[in-house]
Amino acid sequence: MPAGTTAAWVVFDRQAGGGGRIVATRNAHRAFRSASVVKILLAVDYLESRTTVPPADARLLKIMLRSSDDDAASTLWDRAGKGAVITRMARRLGLSDTAPPPASKPGFWGYTSLSAYDVVRVYRYLLDRAAPRVRDTILGHLRAATPCGTDGFDQYFGIPRALPRPWAVKQGWSGFGEVPPVRCRPGSASPGVVSTGSAPAGAVPAGSAPAGAVSTGTGATGARRASISAVALRARGSGVPDLGRPVLHTTGLAGKDDRYVLAVLTAHPAGGTWSASVRRITTLTAELYRDLR
């Protein structure tokens, strides 16, 4: 990892040692802000709280999980009692590093804290313990993840770019601006790098952070020069991991019969661009997978 980039990963091999074991790990319990990865927990909580799903809610789950739609997530978040859903899920699934957003920011589901270790536990819960209808609904959508998020960002980075199918993925990104440097188009989406342009980390997608809350300078250039220590100092006491730094996560299942469960979480330098961050996490994911073969 280049200077200023923080990475954590856990890879669980379900076929290793008879019952499965972790085969690659770094900073496994380090907390990151979740961005859209938390949408998996929203879906589990919703599906386990009822026996039938109205068509309108089925559409919300589909667009939230396949295309990472923020409005759908916000709707389910508000209905579930905001941070209470995270407390429930952490208790039910045994997630020791997962916590709801700070009480001062109850609406921002993307400020949930979680670790690579806990993300892997969520996928293992879906595979091994969840009711079939819960497992099949959520993983079915993640296997059909669209190239483009509804916010226009290309979400085929990390696992979709680096690993062969079959896979199921839930991606997360926050801090790269509300508008992508190049808007993803379904018919021409380029997995991974979509642009070499820059976007300041001052604005983030809806549901992830309020505009202006993570500014680190007077513009992209000023933000790019800001040190990690300066950003951490500014965010001290916020209760939100890496506030002021863009984050990019790739998580999911890969290999025949869902052999590997992967979570790769990254925080990038303040003012870091989308294209550079995508290159880092995609390269890292490819190297992790190569070392497993």
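User: What do the buried residues of H4 pack against?

Analyst: They pack against helix H1 (39–48), helix H3 (70–79) and helix H5 (116–128), where contact means heavy atoms within 4.5 Å. By the way, this is a predicted model, with local features needing pLDDT of at least 70 and side-chain atom pairs counting only at 80 or more, while totals for chains, interfaces and linings use all residues. Residues are numbered from 1 along each chain as its sequence is written, and side-chain values use heavy atoms, leaving out hydrogens and water.

User: Which residues of H4 are buried, and how do you know which side they are on?

Analyst: Val85, Ile86, Met89, Ala90 and Leu93 are buried. They cover an arc of only 130° around the axis, so they sit on the same side of H4; the arc is taken from the directions from the helix axis to the C-beta atoms.

User: Why is Ala144 called partly exposed?

Analyst: Buried is under 20% relative accessible area, exposed is over 50%, and partly exposed is in between (1.4 Å probe, protein chains only). Ala144 has 31% relative accessibility, so it counts as partly exposed.

User: And what makes Phe157 buried?

Analyst: Its relative accessibility is 0%, so Phe157 counts as buried.

User: What makes Phe157 and Trp274 an edge-to-face aromatic pair?

Analyst: Rings of Phe, Tyr and Trp (its six-membered ring) pair if their centres lie within 6.5 Å; planes under 30 degrees apart are stacked, over 60 edge-to-face, the rest tilted. Phe157 and Trp274 are 5.8 Å centre to centre with 90° between the planes.

Technical notes
Helix = DSSP H or I, 4+ residues; strand = E, 2+ residues; numbered from the N terminus.
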